[in-house]
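Here is a friendly briefing to read alongside the model. Please keep the sequence and the 3D view open as you go.

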Amino acid sequence: MEFSNTASELPLLISQEGPLEGLRWSIGQPLLLGRDSSCDIVIPERQVSRYHARLSPIAEGILLEDLGSKNGTFCNGKKVEGTILLQDGDVLQIALVQTFTFVSSDSTLPLEAVAKTPEIINSQVQGKLRLDQRSRRVFINEKEISPPLSAPQFKLLQTLYEYQGKVVSREDLIVAVWGEQESFGVSEQALDALVRRLRDRIRECDPNHVYVVTIRGHGLRLDNPGADGV
């Protein structure tokens with residue numbers, strides 16, 4: 001199987017039930033799935049192993065590989081042992097907490113998958129950057145950030161988006177991203193690294209504007225041109 005450079009002709013992984021519901025990924029290169037923030041597809045659930053499974057394009061199609069996960073990878077209800085070659089319409093489950101549908105391309109996208117892909121939320125706050133909180137999709141100048149942001153990156157941006165134009169303290173951001181209990185062990189350096197990665201992803205869509213602004217001694221704010229009051 002030869003893959004075209006056109007994204008719409010690439011095989012797709014579409015998230016259904018689970019924390020990533022509504023997101024989709026083109027499979028033009030290997031995708032690592034797991035709980036760790038370095039994964040290509042981050043599933044923020046404790047039942048998911050840090051490095052849980054991998055999708056790899058090969059000549060024959062897309063290969064699904066379980067990476068020795070604790071709670072298993074499933075295809076059409078059967079536990080994956082080693083690797084399997086995916087077929088159009090296969091239903092994948094990661095530790096039974098996140099369900100995906102595999103399709104060979106947009107042209108074979110099942111209607112139920114289209115129906116579960118949420119539209120952009122109509123918000124009173126409009127700007128160059130728009131965020132769909134239900135599907136965790138981010139758009140800048142109508143261009144979607146793809147592949148999607150990791151879960152921590154999205155949570156950071158979501159918090160700033162909800163208070164855009166206002167300064168959010170570093171302490172509040174750490175709690176928002178990592179949670180009340182986990183935040184005590186999170187360093188300032190960890191937040192700085194997350195901010196850098198988020199800025200890099202945003203810059204891929206718009207290199208001409210700094211959206212996440214540091215206010216020294218106070219915190220961060222979202223500078224979203226065109227938003228009300230910004």
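Ser49 sits in the loop that runs between β4 (41-42) and β5 (53-58). This is a predicted model, and in it Ser49 has a relative accessibility of 15%. Ser49 counts as buried because that value is under 20%. Leaving aside residues up to four places away in sequence, Ser49 touches Gly34, Arg35, Ser69 and Lys70.

**The chain as a whole**

- The chain contains four helices and 17 strands.
- It has 230 residues, and 45% of them count as buried.
- Among contacts with a separation of 6 or more, 47% are between residues 24 or more positions apart.
- Carbon and sulfur atoms hold 46% of an accessible surface of about 12,000 Å².

**Nonpolar cores**

- The largest nonpolar core is made of 26 residues, and Leu129, Val138, Leu156, Leu157, Leu160 and Ile202 have the most contacts inside it.
- Two or more residues of this core come from each of β12 (129-132), β13 (137-140), α2 (151-162), α3 (170-178), α4 (188-205) and β17 (219-222).
- Helix α4 is the element that gives the most, with six residues.
- Leu160 touches Val168, Leu173, Val212, Leu220, Arg221 and Leu222, not counting residues up to four places away in sequence.
- A second, separate core has 23 residues, including Ile27, Val80, Leu92 and Val97.
- As background, nonpolar side chains tend to be buried together in soluble globular proteins.

- The structure holds nine salt bridges.
- In one of them, Arg54 pairs with Glu65, with the closest N and O atoms 3.1 Å apart.
- This pair links strand β5, which holds Arg54, to strand β6 (residues 61-66), which holds Glu65, and the two residues are eleven residues apart.
- Both partners are partly exposed, Arg54 with a relative accessible area of 28% and Glu65 at 26% relative accessibility.
- Another salt bridge joins the side chains of Asp206 and Lys128 at 3.2 Å, N to O.
- Here Asp206 lies in the loop between α4 and β16 (212-215), while Lys128 lies 78 residues apart from it in the loop between α1 (111-115) and β12.
- Asp206 is buried, with a relative accessible area of 4%, whereas Lys128 is partly exposed at 29%.

- Glu204 forms a salt bridge with Arg201, and their closest N and O atoms are 3.3 Å apart.
- Both residues lie in helix α4, three residues apart, or about one turn of the helix.
- Glu204 is partly exposed at 49%, while Arg201 is buried at 13%.

Key
Residues numbered from 1 in each chain as written. Predicted model: local features only at pLDDT ≥ 70, side-chain atom pairs only at ≥ 80, totals over all residues. Heavy atoms only, no water. Buried < 20%, exposed > 50% of the residue type's maximum accessible area, 1.4 Å probe, protein only. Contact = heavy atoms within 4.5 Å. Areas by Shrake-Rupley, 256 points an atom, 1.4 Å probe, with all protein chains shown as cover. Core = buried A, V, L, I, M, F, W, Y, C linked by side-chain atoms within 4.5 Å. Salt bridge = Lys/Arg side-chain N within 4 Å of Asp/Glu carboxyl O.
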